[in-house]
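Hello,

The structure you asked about is placed below. My notes on it follow.

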Amino acid sequence: VSGPRDQAKRMPRSVAALLASALLLAPVAAGAYTAAGDRQFPATLILPQIAPTDEFYANFATQPDAAATPGAARRDTDLSLVYNKTITDRLGVQFDSDFTWRDRLAAPSTSGWQNLATTVKYLAVLDPAHEMLVSLGLGREWGDTGSVRVGASSIGATTGTVYLGKGLGDLDLGMLRPLAFATTVGYQVADRDPRPDLVQTGFVLEYSVPYLESKVRAFNLPDPVRAMTPMVETFVTTPAGAGRGVTSAVLGPGISYAGAGWEFGIEAMLPLTRAAGRGVGVTAQLHIALDYVFPESIGRPLLSPQ
Amino acid sequence: MPRRLGLMLAMAALLTALPLRAPAAASSAGLVVGVAGRCVAETGGVERPLKLGDPIAVGDTLVVPAAARLKLRLSAGSVISVASGTRLTITAYAAEAGHREARLSLAGGLLRAVVSAVAGPSRFEVDTATGTAAVRSTDWFVEAKPGSMQVGVLAGSVSLESRATGREVTIPARWGARLEAGRDPVPPRLWTPEEFANVISRTTLH
């Protein structure tokens, strides 16, 4: 439902350092986020997640901006809290709430909630042999539920999205078999003018070291490396229709680290257009896989055949 | 005198512990509670057909050919359902006074183990050529194939350890994981209802 600026979830440097230290000390025990066969798709930090699941995650991001006029944003810092719940094995709903702190030029800082958002996702295709999945999503941003001070719109919007994840492990690519990609294409329809409709596209390329060690060749890499998945994401938001706004694009190179039932990811946020900010931002995310930690209670689908 | 008493106590303890040790080739591990097709037990090169109520002993290798199935109840209450095309050896088994030590060796094929809870220390392990799956009490599946194995868990949790790298993953209920020879375990993932339905149907004895 949100664009890259809204996805710019920020994190204080000290918290990032603490989490980084914690993951280096933690024992290596692989966990999972979303899977198609033996392929794990790690949680993305800028793109929306590609399949329904039971999880809770917190995303922090900070992005400098080019404030030119008094009162304009110099830096946005966001904390997102997201809860995903499966209804059935293939159908889930996501609840997303963001809090934004905004530093402004020649004006006091301000803060407030962004609009509430909910997304229903359905896993339409799951092809384990080809490490592929396709999901369909319908998201709703509830207008006028956030604070105008931090840019929340009083006008709601609805987004239809297609998500695709594909691993290359079924192809004869040797050491490139740990590669996988995921992509999303969405169309957001505003409830009314003047809010523009948006085309939202995202792409992530990732190289899974756990896949390398477990499926391709055991290099016996040291522990911190063994559970890492380097990845690079890009997310582009383009107004549908000329003169309705500007394109916003961000590139996020980073790393995901998987533990038993949790994942930690950290990425740089490089704005590719002026609308996406000025200067390098940082985003970090901690996922708790409720379906792993509480598989027989809150982590199971509400309607489960098992 | 206290020294003699200590010696006697030590001997008594040793004698008590002996049944827990492996070479008890003839010690009973359980009974056949279901059989379909011509299943056999091999012990010391001697083959005997299995029928309902037959005892199963440590050292027996159970051969369940294609189109056959076998169900065992072990002496501590655990139930093992063996799918067709499976070869399983009872390597070690002891269960008494709330303790349990079980080690099975799965050369190939699929089994379902509903492992009962016991009050005391418990080890219940299934070895394959590629790794070891260990549980305390749970309902789970383990399948061995040439060069790989996989575990699926219906209830409880199972640890799966690679024989080659020593790496281990914990698999909770509703999840499964694979292990390929010489490598780390593949990270666990949620099994689909279809995957569970497949292994349940293959191990169910009608």
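A:Asp54 and A:Lys85 form a salt bridge, with their closest N and O atoms 2.7 Å apart; the term means a side-chain nitrogen of Lys or Arg within 4 Å of a carboxyl oxygen of Asp or Glu. This pair links distant parts of the chain, 31 residues apart: A:Asp54 is in the loop between strand E2 (39–41) and strand E3 (55–64) of chain A, and A:Lys85 is in strand E4 of chain A. Strands here are DSSP runs of at least two residues, marked E and numbered from the N terminus. A:Asp54 is buried, at 2% relative accessible area, and A:Lys85 also counts as buried, at 9%. Buried means under 20% relative accessible area, exposed means over 50%, and partly exposed is in between (1.4 Å probe, protein chains only).

Before the rest, some housekeeping. This is a predicted model, in which local features need pLDDT of at least 70 and side-chain atom pairs count only at pLDDT 80 or more, while totals for chains, interfaces and linings use all residues. Residues are numbered from 1 along each chain as its sequence is written, chains are lettered from A and ligands numbered from 1 in the order in which they are written, and side-chain values use heavy atoms, with hydrogens and water left out.

Other salt bridges

Over all chains the count is 25 salt bridges. In chain B, B:Glu125 is joined to B:Arg123 by a salt bridge, with the closest N and O atoms 3.5 Å apart. B:Glu125 is buried, with 11% relative accessibility, whereas B:Arg123 is partly exposed at 41%. B:Glu180 forms a salt bridge with B:Arg178, the closest N and O atoms being 2.6 Å apart. B:Glu180 counts as buried, at 12% relative accessibility.

The interface

Between chain A and chain B there are four salt bridges. In one between B:Arg178 and A:Asp38, the N to O distance is 2.7 Å. In total, 29 residues of chain A are in contact with 26 residues of chain B, contact being heavy atoms within 4.5 Å. The size of an interface is often given as the accessible area lost when the parts come together. For chain A and chain B the buried area is about 2,300 Å², and carbon and sulfur atoms give 52% of it. That area is the accessible area (1.4 Å probe) that two parts lose on being put together, summed over both.

Strands of chain A

Strand E8 (residues 132–141) of chain A is largely enclosed by the rest of the structure, because seven of its 10 residues are buried. E8(A) runs antiparallel to strand E7 (residues 117–127) of chain A, with 10 bridges joining them; two strands pair if DSSP finds at least two bridges between them. A:Tyr122 has A:Leu136 as its bridge partner in E8(A). Four residues lie between E7(A) and E8(A) in a hairpin, and A:Glu131 in the turn has a positive phi of about 50 degrees. E8(A) is also joined by 10 bridges to strand E9 (residues 157–167) of chain A, and these two run antiparallel. There, A:Ala157 in E9(A) is the bridge partner of A:Glu141.

Regards
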